[in-house]
Amino acid sequence: MKGYYSDTERDLPAPSDARARRRAPVGRRLALLAGLGGAFYLALARVQLTPEDQRVQAYADGVAAHGFGPACKWRGGHRIPPHKAEKIYLNVPSNDSCAATSARYAAHAHPAGSGWDMVTAQTVKGDWEKALGLKASWYGEHVFDAGSAESQARVRDSHKATEPYVWIDTYYPVMNTPVFAGVTLFSDPPVHAKLREARVEGDSASELADEVRVFHGLSVSGDVTAQYIYAGYGRKDDFDLLQAKGLDFAGKIAVVKYGGNFRGLKVKAAQEAGAVGCIIFTDPGDDGEMTEWNGHKPYPEGPARVPSSVQRGSVQFLSQYPGDPTTPGRPAYKNATRDAGGNFPSIPSVPMSYEDVIPILNALKGRGMPAGDLGDAFNGGLTHWGVEYWTGPSDVQLRLVNEVNTRVMPVWNTMAFIPGHVTDEVVIMGNHRDAWVLGAADPSSGTTSQHELVRGLGALRARGWRPMRSILLASWDAEEYGLIGSTEWAEDFGDWLQANAVAYLNLDSSASGSNFRGAASPSLALLLRGAAEEVARPDGRSVWAARADGGTWGPASVHADADGDRAEGADADEETVDWTKNEGKGSGIRPLGSGSDYTAFLQRYGVAATDMSFKGGPADAVYHYHSVYDSPAWMRRFGDRAYARHAESARVLGLVLLRLADALILPLNTTQYARDLVYYAERVDALGADVDLRPLGEAIARLRAASEGLDRERGELERRLRRAMRGRWCWGWGCGREVRKILAAIRRVNRKLRDFEKGFLAPEGIRGREWYRHKGTAPGKWLGYGATTFPALTEAITIEKDLERAREEAAALTALISAMAMRLAM
Ligand SMILES: [Zn+2]
């Protein structure tokens with residue numbers, strides 16, 4: 001660890017306020033003298049401090065450097081109080097910088113494990129070193145195998161660091177790359193699907209389509225020839241309905257469309273119904289208003305979909321467990337012991353464009369049932385191309401070939417640690433870096449916003465700012481294959497996370513449309529919303545006020561191209577709710593399901609989390625998700641012309657990060673959490689099952705009362721601190737015994753807040769998918785992206801239809817929440 005901190009500083013960190021003061025302007029010479037004297041005093045005093053005293057002292061150092069409220073008499077020691085830090089930060093992200101950064105990151109296809117992916121990991125390392133004012137490292141420097149002593153020390157010894165540092169961890173998951181995909185319809189004459197995105201005039205990036213041939217990540221090789229059946233969105237309910245109508249999938253190929261749930265769960269449902277293969281196609285009926293039949297030209301001439309565009313993507317069984325298939329719950333080190341893996345399909349699948357699927361659907365005409373008879377969801381936009389959607393089975397045979405190369409591949413997480421005064425409370429911010437092809441929006445818009453955020457932190461650091469709490473930044477790899485980089489890292493450092501992490505802030509795509517979307521643990525919901533309300537758009541309205549600029553998806557629409565929360569409004573599925581309509585009761589911020597890198601942090605290790613993005617509405621240009629047309633040219637022309645949303649995302653996220661990092665008392669709102677739990681319980685109640693939910697309701701009421709007690713204590717502590725510091729020179733070591741006592745109490749409150757979310761973790765996990773431990777929210781078992789609140793209880797009723805089980809789950813949940821209430825009240 002040499003180079004990050006000197007050996008002599010290991011057990012006796014240099015008093016940062018004194019260090020900062022060494023650079024103080026001439027007018028503050030008095031401060032300099034006092035600071036040096038103080039440092040001397042402190043160095044002496046610290047020798048006798050117990051570890052807990054030292055932690056309280058870290059708070060005092062932070063208060064000295066940041067100031068606390070207006071009551072402090074002398075402000076010279078407050079080099080950068082939080083409100084000033086925010087102002088400095090907000091001025092850094094710029095549209096021009098975003099445009100330039102985005103161009104660099106989206107210049108090449110960089111799927112996980114590829115050469116360009118490794119190059120981007122190095123680029124991030126260099127960018128962050130530069131932004132944070134560190135010495136540039138050679139490309140081989142600070143790159144470690146996960147599990148090595150160096151890699152472990154970067155995290156486990158981070159509390160000893162006094163300066164920021166950047167490094168790369170290499171994990172070794174099992175992934176695959178495409179070799180060959182072919183689909184042939186044995187009509188007369190046979191039709192071969194192109195399975196290839198067309199080169200289009202006006203977007204030179206489209207020439208790179210073959211760099212990542214169309215395929216499904218973590219799909220299996222196979223060669224099947226069979227009749228086929230069209231099964232709508234291919235959700236579990238769709239298969240159940242078709243089977244109830246007498247259709248037999250055994251030995252057949254299922255042809256389903258994207259949308260409504262995570263694609264891997266479509267293949268899972270097909271496989272469980274007995275199908276031997278699965279084709280998932282993009283239906284332009286889910287594209288909103290920007291369609292050819294509404295008079296719009298396909299991209300690049302217009303905002304409509306390119307007929308040959310294909311959505312690549314992982315078919316991992318996300319709701320089973322994310323991460324490397326072969327090391328569930330354990331980090332995928334180079335020499336890891338590996339299982340066969342239970343979270344990917346056993347039948348082959350391929351993604352398909354709407355252009356390719358038209359002859360396949362046409363060959364079903366008159367066979368089986370008119371699909372529209374089964375509900376609107378079974379129809380689609382291809383009626384405008386003369387397609388009548390029928391279920392089949394077909395009389396003609398279809399051949400599906402999928403050939404993939406599956407093996408252990410290296411992936412690279414780039415990480416940065418910025419030490420705060422308080423080093424055992426860490427705010428984590430992460431964004432994945434790997435893309436299916438160029439990924440101008442997914443994820444390079446997020447990579448770009450994250451870059452702006454790091455530049456902002458660098459600007460603060462250049463002025464002598466050091467955060468109250470430590471900050472950990474991550475550029476995750478292999479998110480696209482199944483949240484692999486973040487999951488393996490979290491599994492590696494789960495114990496450290498649980499002892500140190502106060503929140504995890506996620507970004508994925510930050511700008512693929514014009515509607516601002518936030519999702520969060522209820523304790524962070526108002527913080528996220530508040531930040532979105534404070535950041536202004538170019539027309540003067542706030543980001544929050546502009547959250548429906550791209551129009552609102554209707555209740556029955558399934559938007560197939562937005563990452564994350566596309567399940568909204570999907571055919572009134574019981575498990576999908578429009579949380580933005582919950583504003584009267586709640587925060588207007590939806591709960592987190594899965595589909596991005598917050599999953600392991602929240603669902604397995606109980607770290608409160610947020611996710612945010614600008615996503616497409618029905619009036620926005622069609623976003624070609626996971627396609628070669630998610631390109632810089634599309635972004636400049638249709639996605640975020642001025643790159644303003646890239647910069648606004650950095651501002652919103654930066655405010656959330658700074659408030660978590662710099663506030664003396666953590667801005668986690670447990671009372672809002674309790675309010676949302678009432679709503680979760682109401683949703684279970686609305687299912688009408690014969691389960692007595694009164695004890696659960698009482699436990700939630702007790703939690704709310706305890707939380708309100710904690711809120712009062714917070715207010716009281718702040719008042720006491722202000723009083724104790726009034727008329728004083730509020731320097732950590734000069735504030736006296738009373739201040740120390742108050743800071744110790746504040747530290748106890750912060751522990752409660754930090755540990756609150758962990759109260760939802762059940763060690764035994766959610767039955768049937770034990771990797772997931774959070775009983776407050778989980779990705780719906782058959783949704784993947786969308787959240788199911790009180791998942792074990794809800795799914796005992798809706799999926800298992802087991803009342804006894806539901807009663808047990810209600811009792812278990814009541815016990816968990818009662819214990820949370822008790823801990824808060826303690
Ligand atoms: Zn993504």
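Me: Is Tyr643 buried or exposed, and how many C-beta neighbours does Tyr643 have inside 10 Å?

Reply: A residue is called buried if 20 or more other C-beta atoms lie within 10 Å of its own, exposed if 12 or fewer do, and partly exposed in between, with the C-beta atoms placed from the backbone. Tyr643 has 27 C-beta neighbours inside 10 Å, and therefore counts as buried. Tyr643 sits in the loop between α16 (632–639) and α17, where helices (H or I, at least four residues) and strands (E, at least two) are DSSP runs, numbered from the N terminus. Tyr643 also has a positive phi of about 60°, although it is not a glycine.

Me: What should I know about the model and its numbering before I go on?

Reply: Residues are numbered from 1 along each chain, as its sequence is written. The model is predicted, and local features need pLDDT of at least 70, side-chain atom pairs count only at pLDDT 80 or more, while totals for chains, interfaces and linings use all residues.

Me: Which other residue has a positive phi although it is not a glycine, and where is it found?

Reply: Leu218 has a positive phi of about 65° and is not a glycine, and it is found in the loop between β5 (216–217) and β6. Leu218 is buried, because 27 other C-beta atoms lie within 10 Å.

Me: How much of the chain is buried, and how many helices and strands are there?

Reply: Of the 826 residues in the chain, 59% are buried, and the secondary structure comes to 22 helices and 20 strands.

Me: How do I read a helix such as α14?

Reply: An α-helix has 3.6 residues a turn, so residues three or four places apart point the same way. The expected span of a helix is 1.5 Å times one less than its number of residues. Helix α14 (residues 522–534) has 13 residues and reaches 19 Å from its first C-alpha to its last, which is close to the expected 18 Å. Because 10 of the 13 residues of α14 are buried, this helix is largely enclosed by the rest of the structure; among the buried ones are Leu524, Leu526 and Arg529.

Me: Which elements do the buried residues of α14 pack against?

Reply: Two residues are in contact if their C-beta atoms, placed from the backbone, lie within 7 Å. The buried residues of α14 pack against several elements, including β16 (501–511), β18 (609–615) and α20 (736–756).

Me: How are strands joined, and what are the partners of β16?

Reply: Strands of a sheet pair through backbone hydrogen bonds, either parallel or antiparallel. Two strands are said to pair if DSSP finds at least two bridges between them. Strand β16 runs parallel to β14, with 6 bridges joining them, and parallel to β18, with 5 bridges. Tyr504 in β16 is the bridge partner of Ile428, and Ala609 in β18 is the bridge partner of Tyr504. Strand β16 is mostly covered, since 11 of its 11 residues are buried.

Me: What is the order of the strands in the open sheet of 4 strands?

Reply: The order is β4-β3-β12-β6, and the pairing is antiparallel. Strands β4 (191–192) and β6 (222–226) stand at the edges, each with a single partner strand, so one side of each is left without a neighbour in the sheet. Strands β3 (residues 174–185) and β12 (residues 398–408) pair over 11 bridges, and Met175 stands opposite Arg407 in β12.

Me: At what angle do α6 and α11 pack?

Reply: Axes are lines fitted to C-alpha atoms, for helices over the stretch in contact, and angles run from 0 to 180 degrees between N-to-C directions. Helix α6 (residues 115–131) and α11 pack at an angle of about 25°, with their axes 8 Å apart. That makes α6 roughly parallel to α11, given that angles under 35 degrees count as roughly parallel, over 145 as roughly antiparallel, 65 to 115 as roughly perpendicular and the rest as oblique.

Me: Which peptide bonds are cis?

Reply: The bond from Gly392 to Pro393 is cis, with omega near 15°, and a cis bond also joins Asp442 and Pro443, where omega is about 5°.
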